[in-house]
Amino acid sequence: MNGFSAADHRHMARALELAARGLCSTDPNPRVGCVLVSGEAVVGEGFHLRAGEAHAEVLALAAAGARARGATAYVTLEPCNHHGRTPPCSEALIAAGVARVVYAGADPNPQVAGGGAARLAAAGIATAAGCLEGPAAALNPGFYSRMRRGRPWVRLKLAASLDGRTGLANGNSQWITGEAARADVQRLRARSSAILTGAATARRDDPRLTVRDPELTALLGGRVPLRVVLDPRLVLLPSARIFSEPGPVLVLTASDAVAERSALVARGAEVLRLEALVTRDLGAVLAELARRGVNELLIEAGARLGGAFIEAGLVDEFILYLAPQLLGHEAAPLAMLPLLDDLGERWEFRYADVRQVGTDLRLTLTPLAREAC
């Protein structure tokens, strides 16, 4: 129990429920919830909805009013202590007269990094950290990754037949999975900061990479995930459907081709030349996206680019949809990876979740470190 009571866990669990309501809308900020409790009564609740708007603590304090004095605040992340788009939450909690603050974990943002808790303690407020820290961190994997590793949390979405094939040898790949699985992908897109594909996939499949489900669009609250195309040679066509939908498109390239660049810019794209793409340095791609505030990156790409991210050790989570069908050994592979001479060099994974989605299976896997690495 780590010194926390059953009531502490119950109220923090409620704060996590509230935080999850901002799953699709808070980017680039973390998802945070707050519950204020006086005695045994909940006197205020709040959750952060979108960047630039009030934080969870401020909303909970507003709901509690004078009842916040002497109360305990349960917050899913250490209260901030710096001036950003909004004033520090630590100062709001002090001004309201709360007696105790329980938070799940320290804010990984170096601008905060214990500063909020220290400010509260200096004001005589009791603080306690670590209540349901694991579930709280799991709600914000991208924010923690960007702050601690300087890169987004990377999900690689794949869809394959039972024999691990993603499309026919002639390039036909629509549709391997069923309608329910495709709807599930919409939810992955909605929670993502950005969706990345390669130029080859963009030309072959001509995807829009958008969130089209009305309910999910409403949850986004006007936020549109950034769409990113890795296009080292600038072969993306200006007529691609990705430009027919509203929202930002970023094309990352190694090319200096002026005419091709101008054609894409005319279609509304931002075209950025990255020298690192000359050597296919995918880590530099992730660093650039982190610099732009991307917390969670969803990769929807072909076997070559997906394999490159796997080989580079840059995938944090695999979402694999398996359809109950066989396409044959000459069909397109799941990922293009180097030939291995020893089983000890294989890529290994842990099943984090397995469930049926419509007629398909959805496997959520996390990579295990290889001895070769």
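Helices (H or I, at least four residues) and strands (E, at least two) are DSSP runs, numbered from the N terminus. The structure is a predicted model in which local features need pLDDT of at least 70 and side-chain atom pairs count only at pLDDT 80 or more, while totals for chains, interfaces and linings use all residues. Residues are numbered from 1 along each chain as its sequence is written, and side-chain values use heavy atoms, leaving out hydrogens and water.

**Pocket and cavity**

On a 1 Å grid over the protein atoms alone, a cavity is a set of points where a 1.4 Å probe fits but cannot get out, and a pocket is an open set with protein on both sides within 12 Å along at least five of seven lines; lining residues have an atom within 4 Å of a point. Grid points are joined across faces, edges and corners, and a volume is the space filled by probe spheres set on the points. For the classes, Ala, Val, Leu, Ile, Met, Phe, Trp, Tyr, Cys and Pro count as nonpolar, Asp, Glu, Lys and Arg as charged, and the others, Gly among them, as polar.

| Space | Volume | Lining by class |
|---|---|---|
| Largest pocket | about 1400 Å³ | 25 nonpolar, 11 polar, 14 charged residues |
| Largest cavity | about 40 Å³ | two nonpolar, five polar, three charged residues |

The largest pocket has 50 lining residues, and Thr201, Arg204, Asp205, Ala301 and Gly302 lie nearest its centre. Helix α7 provides the largest share of this lining, with six residues. Other elements that supply at least two residues each include β8 (194-198), α8 (199-205) and α12 (303-311). In the whole structure, the search finds one cavity of 30 Å³ or more; among the residues lining the largest cavity are Asp27, Arg31, Phe143 and Glu296.

**Strand β9**

All five residues of β9 (226-230) are buried (under 20% relative accessible area, with a 1.4 Å probe and protein chains only), so the strand is largely enclosed by the rest of the structure. Leu226, Val228 and Leu230 point one way, whereas Arg227 and Val229 point the other. Strands pair if DSSP finds at least two bridges between them. β9 pairs in the parallel sense with β8 over five bridges and with β10 (249-253) over four. Valine 228 stands opposite leucine 196 and also opposite leucine 250 in β10.

**Helix α2**

In α2 (56-64), the buried residues are Ala56, Glu57, Ala60, Leu61 and Ala64. They fall within an arc of 130 degrees seen down the axis (taken from the directions from the helix axis to the C-beta atoms), so they line one face of the helix. These residues pack (heavy atoms within 4.5 Å) against β1, β2, β3 and α3. Just after α2, glycine 65 takes a positive phi of about 65 degrees.

How values were computed:
Buried < 20%, exposed > 50% of the residue type's maximum accessible area, 1.4 Å probe, protein only.
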